[in-house]
Amino acid sequence: NNNNNSTTTNTIIKIPGMSPLIPVQSNTTDCGVYMLEIVERLVRDPIQVTPTFLATKGRSQPFSETWFEETVTDQKRLDIQR
């Protein structure tokens with residue numbers, strides 16, 4: 001119920017879907033470690049959302065299945081355990 005005679009405007013914004021290729025853990029337990037590594041990299045070096053990035057739906061640099069080696073997440077897991 002709107003008693004102050006103001007009008008509410010709803011705006012629909014289309015946000016394109018993204019599905020970047022990223023490294024995937026080789027076990028069922030390291031998903032969190034992988035996610036931490038990905039987030040840390042994105043915070044350190046944010047992606048530039050360019051027309052190319054949008055056209056490829058995020059399947060462009062820096063993302064790839066070989067963005068980082070499993071040894072990186074192995075070390076991260078050890079560092080977290082300390």
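Predicted model: local features only at pLDDT ≥ 70, side-chain atom pairs only at ≥ 80, totals over all residues.
Student: Which residue does E40 pair with?

Tutor: E40 forms a salt bridge with K76, and here the closest N and O atoms are 2.6 Å apart. This pair links distant parts of the chain, since E40 belongs to helix α1 and K76 to helix α3, 36 residues apart. E40 is partly exposed, with a relative accessible area of 34%, whereas K76 is buried, with a relative accessible area of 13%.

Student: Which residues end up in one network through shared partners?

Tutor: Salt bridges that share partners join E37, E40, R41 and K76 into one network.

Student: Staying with K76, what does it touch, leaving out residues up to four places away in sequence?

Tutor: With those sequence neighbours left out, K76 is in contact with V33, L36, E37 and E40. K76 itself is placed in helix α3, which covers residues 70–81.

Student: How many salt bridges are there in the structure?

Tutor: The structure has six salt bridges, and one of them joins D30 to R77, with the closest N and O atoms 2.9 Å apart. Because D30 lies in the segment before α1 and R77 in helix α3, this pair ties together parts that are 47 residues apart in sequence.

Student: What are the relative accessible areas of D30 and R77?

Tutor: D30 has a relative accessible area of 3% and is therefore buried, while R77, with a relative accessible area of 24%, is partly exposed.

Student: Switching to the nonpolar side, which residues make up the largest core?

Tutor: The largest nonpolar core has six residues, namely Y34, I38, F53, F63, W67 and F68. Five residues, Y34, F53, F63, W67 and F68, also form one aromatic cluster.

Student: How many aromatic pairs does the structure hold?

Tutor: There are four aromatic pairs in the structure. One of them is F53 with F63, a tilted pair whose centres are 6.2 Å apart and whose planes make an angle of 45 degrees. F53 lies in helix α2 and F63 in the loop between α2 and α3, so this pair ties together parts that are 10 residues apart in sequence.

Student: Are F53 and F63 buried or exposed?

Tutor: F53 is buried, with a relative accessible area of 7%, and F63 also counts as buried, at 8% relative accessibility. W67 and F68 form a pair as well, and because their ring centres are 6.0 Å apart with the planes at 45 degrees, that pair is tilted.

Student: How accessible are W67 and F68?

Tutor: W67 has 16% relative accessibility and so counts as buried, and F68, at 6% relative accessibility, counts as buried too.

Student: What does F68 touch, again without residues up to four places away in sequence?

Tutor: F68 is in contact with P23, Y34, E37, I38, R41 and T73 once those sequence neighbours are set aside.

Student: One last thing, where is P16 found, and how far is its C-alpha atom from that of G58?

Tutor: P16 is in the segment before α1, and at 45% relative accessibility it counts as partly exposed. P16 and G58 are 42 residues apart along the chain, and their C-alpha atoms are separated by 9.9 Å.

Methods
Residues numbered from 1 in each chain as written. Heavy atoms only, no water. Helix = DSSP H or I, 4+ residues; strand = E, 2+ residues; numbered from the N terminus. Contact = heavy atoms within 4.5 Å. Core = buried A, V, L, I, M, F, W, Y, C linked by side-chain atoms within 4.5 Å. Buried < 20%, exposed > 50% of the residue type's maximum accessible area, 1.4 Å probe, protein only. Salt bridge = Lys/Arg side-chain N within 4 Å of Asp/Glu carboxyl O. Phe/Tyr/Trp six-rings, centres within 6.5 Å; stacked < 30°, edge-to-face > 60°.
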